[in-house]
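Thanks, everyone, for making the time this morning.

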Amino acid sequence: MTDIQSRDVAIDRFIGSNSTYYRAAFHKIGAQRGYAPSFNMAAAIFGPVWLGGRRLWAAFWPFLIAELLAFVLIAFALSGGAGADRAARADRLEGLAAVRLQEATTANETDATSSLAKALTRSAAALGDAARQAREEAGAANAQTSLIVTLGLALFLAARLTTGALGNQLAERRFRAWRLGGEKVEGGFSRLHAAGVALLLGILIPTIAFHFADRELFRAFPSNPAWNSASAVWLDGVVSAISGTVAPVANGMTNGINAVLTLTEAVLTQTPWPVVMIIIVAVAWQLAGFRVFLLTAVAISYLAILGYWEKSMQTVALLGTAALVSIAIGIPLGILCGYKRRVAGVVRPLLDFMQTMPAFVYLIPVIALFGIGKPSGVIATIIFGIPPVVRLTALGITSVPASVREAAIAFGASRRFILFKVDLPTAAPSIMAGVSQTILMCLSMVVIAALIGAKGLGEDVLHALQYAAQGQGLLAGLAILLCAIVLDRIVQGRGTTARD
């Protein structure tokens, strides 16, 4: 049996029905490079049903979503579109205007010179103007109905034509995967899957139509407000119980953080500013080179000249405390995650939670446990800053080549030697990137920390937001930006300047 004959037999087995058509289509596709023009009429007519029956799920979902969006546009336009809501609003306003006008007439009959009659007349006139404006907007929206219907029909036709144009290509690609994968890839046309897709469409499309026919039908999800209240009360009790239980530990942590912050702030703010400035620029030159030295000098000059020196030192103290704790916890935890997959599997969801949960949400339990003030700001900053250093440290450890470890073991290296002389030096760039990210994440929390009593540059930004002082807010924001850039460059060291 020749290769062509064996391929034809395989196509017959894979397709199951109408194999003559697919033989010709697959031979045409295989004989050309790139896209071979062909059109599958069954795919164009049945769309997602055909894709589901052929188990082409990667293409099924995008085309299904496109067609559902087309049905939404068509149903939205045919039900009146945005004009229906505006027309309903105009009706409500006209009703209110009529009521106000009737009240004004009654008040005029009682006392035409009274202020109440005049106020009701003005209110009726204003409501009438608003109703006329809403009616005009409804008319303008209704004028776009045909455009929206055309857009929906065009999207639907484009999806079906594209399905037809790509149907044979997708089927041929699955056929090749079937020949390579054997039993792992199913062939043929699944009537069960096609029926399931047809049932899904039979549910979704009428649901869309009924929703726009009666917009109140699915406007609100069926919920019970009592469940929300009961859950909130239960959580209040849980937080209160936890707060009372951990109060001694929380007080100890608060006192410790306050002591560290007070000492750090005293060193940075009470030391004569020329001494602190000289030390900072000298460290920048020593660790990162001349270019970072110039950048640091410019940044410090900006902070000093515009009066942000003391507040920037308070910010650095808060940032330094939070970053040191984050790094002290994050690097060992990241090393453990790099070595132990089970630990990484447990820690990863916690890191996802810490990074994705809005900071304003976890400020609530932090305040409940530690109160308002700098310690709460530091703890919230630590929660936000730990994930990057853990993730990148674990990535660095897992990225160490196995051959390097094997060579060290072959020379009789101990576990401690491998950790400190092989793994950590090899993973150092990734770990330092994690440290830098943690510092920047901590610095990004200074405004949020200012909400709960932390001092520093975030306080100026917060005041600017409260009083809409754009200029003051931009100046304070630029000060935070300069602090972030300088700290990042110094932490990255000479490697950054070399790459620049």
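Predicted model: local features only at pLDDT ≥ 70, side-chain atom pairs only at ≥ 80, totals over all residues.

Let me begin with helix H14, residues 309-339, and helix H15, residues 341-356, whose axes come within 5 Å and cross at roughly 125 degrees. Since angles over 145 degrees would count as roughly antiparallel and those from 65 to 115 as roughly perpendicular, H14 and H15 are therefore described as oblique to each other. The crossing of H14 past H15 is left-handed. On the H14 side the contact is formed by Leu 333, Leu 336, Cys 337 and Tyr 339, while H15 contributes Arg 341, Val 343, Ala 344 and Val 347.

Turning to helix H13, which covers residues 290-305, we have 16 residues reaching 22 Å from the first C-alpha to the last, close to the 22 Å expected at 1.5 Å a residue. Its buried residues include Val 292, Phe 293, Thr 296, Ala 299, Ile 300 and Leu 303. Just after H13, Gly 307 adopts a positive phi of about 85 degrees.

Finally, is Asn 168 buried or exposed? This residue lies in helix H8, residues 145-181, and because its relative accessibility is 0%, Asn 168 counts as buried. Leaving aside residues up to four places away in sequence, Asn 168 touches Tyr 21, Tyr 22, Ala 25, Phe 26 and Ile 29, as well as Ser 38, Phe 39 and Asn 40.

Definitions and conventions
Residues numbered from 1 in each chain as written. Heavy atoms only, no water. Axes fitted to C-alpha atoms, helices over the stretch in contact; angles between N-to-C directions. Helix = DSSP H or I, 4+ residues; strand = E, 2+ residues; numbered from the N terminus. Parallel < 35°, antiparallel > 145°, perpendicular 65-115°, else oblique. Left-handed = near helix turned anticlockwise from the far one by under 90°. Contact = heavy atoms within 4.5 Å. Buried < 20%, exposed > 50% of the residue type's maximum accessible area, 1.4 Å probe, protein only. Expected span 1.5 Å × (residues − 1).
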